[in-house]
Amino acid sequence: MRFALNPNFKRYGPEHYYMKITILWSQLADYSIAFFKSLKEQCGCEIQLIYQPVSHDAPYGKFDLSFCIESDEDSSEKRSTIETRCIQFKPDCVLMSSWGFPHYMRIAKKLKDNGCYVVSAMDNQWRGTIKQWLGTVSSRWFLKRSIDTFLVAGDRQALFARKLGYDDVMYGCYAADIEKYRIEKQLSKREKNFLYIGRLKKIKGVDILINAYQIYRDMVDNPWGLIIAGTGEMESIGKGISGIQHLGFMPPDQIPITMASARCLILPSRFEQWGVVIHEASAAGLPIISSHACGAVTAFVRDGVNGYIIPPKANKLSQAMYLISEASDEELELMSEYSKKLSSLWNPHILARYFCSNINFRCKDTILLS
């Protein structure tokens, strides 16, 4: 037996496919841009990009979208013309950020009906809620009309997708632009700081972090500092406590610099669908303390090897902070090397090649010849 691939896809060398991709995305981030750009540069794709306006919680600057054939910010006033433009673009594939935007789903269904292959990204963890169970019942009518498969973040998301009736999913929808986070300076030569980067909200466990840090300071003679970078409803928490430094919102280009001023990342979230910052921190060679509620721990944290996976509780977090700060320089450097190795398993270039080769093979025009 042999397979005949879709003749519309022209392959250039071992990694290049010509493909037209319409991307219907949420808010842009540097890691998503790195992936989209790699689709163009690594695989020779033509990109049409529609994206959501920036959030006030994360006021990122403008991205260079010159690699796109066409790009536009979504708005209610533009939606009728955006739909027409997407259809006129005649993509081979649609990549959609989620099923949460009804007009994206409408566009995806129309293009799917015209023979386009539709992929939706998915970072939702399976939690067994009533809403998720109802989704498994209704997916045949609600999702399968518009979506061929999912590009999931990791194992917990894959479990959810399979319960929705999608057995053959793709992995790795979030890939940090790891080269931006490489730091030459040895971990043991960096300042003795813990680091938190993220929104300052209760679900992120910021109150747990502050309580844990106060407990930790009473456990050691020379406590490390705590750097907090982010904005949100709990911005005032921890201010005035000795050892804590608040930096406010952190633009993406400043994150590697800040990571170079710390020896450990902490992400104590009560719930976190994924957490790309874990991948970024591992690329920077930081040991990581993360709650088990963060999806990215399954890929980039090994308990006791390059950090600690804990329940989102202050006493457990303080114990992990103690273990990290009391480790020898040799132990810290070993943890740092393991973090770097884990981070290297995935990046936007690998994701782009993996995505294009999979779509080429899965395309509806692919036929089995005997």
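Modeller: Gladly! In this predicted model, the charged end of lysine 144 sits over the ring of tyrosine 166, 4.9 Å from the ring centre.

Colleague: What makes 4.9 Å from its centre count for lysine 144?

Modeller: The limit for NZ of Lys is within 6 Å of the ring centre, and lysine 144 is at 4.9 Å. Arginine 127 likewise has its charged end over a ring, that of phenylalanine 271, 3.8 Å from the centre.

Colleague: Why is the pair of phenylalanine 194 and tyrosine 216 called edge-to-face?

Modeller: Their ring centres are 5.4 Å apart and their planes stand at 90°. Phenylalanine 194 lies in strand β11 and tyrosine 216 in helix α6, 22 residues apart.

Colleague: And why is the pair of phenylalanine 194 and tryptophan 224 called tilted?

Modeller: The planes there are at 40°, with centres 4.9 Å apart. Stacked needs under 30 degrees and edge-to-face over 60, so this pair is tilted.

Colleague: How do you know whether tryptophan 224 is buried or exposed?

Modeller: Its relative accessible area is 4%, and buried means under 20%, so tryptophan 224 is buried. Phenylalanine 194, at 0%, also counts as buried.

Colleague: What makes up the lining of the largest cavity, by class?

Modeller: Six nonpolar residues, one polar and no charged ones. Trp25, Phe35 and Cys173 are among them, and Trp, Phe and Cys count as nonpolar. About 30 Å³ of space lies in that cavity.

Notes. Residues are numbered from 1 along each chain as its sequence is written. This is a predicted model: local features need pLDDT of at least 70, side-chain atom pairs count only at pLDDT 80 or more; totals for chains, interfaces and linings use all residues. Side-chain values use heavy atoms; hydrogens and water are left out. On a 1 Å grid over the protein atoms alone, a cavity is a set of points where a 1.4 Å probe fits but cannot get out, and a pocket is an open set with protein on both sides within 12 Å along at least five of seven lines; lining residues have an atom within 4 Å of a point. Grid points are joined across faces, edges and corners, and a volume is the space filled by probe spheres set on the points. Rings of Phe, Tyr and Trp (its six-membered ring) pair if their centres lie within 6.5 Å; planes under 30 degrees apart count as stacked, over 60 as edge-to-face and the rest as tilted. Helices (H or I, at least four residues) and strands (E, at least two) are DSSP runs, numbered from the N terminus. Buried means under 20% relative accessible area, exposed over 50%, partly exposed in between (1.4 Å probe, protein chains only). A charge sits over a ring if NZ of Lys or CZ of Arg is within 6 Å of the ring centre and within 35 degrees of the ring normal.
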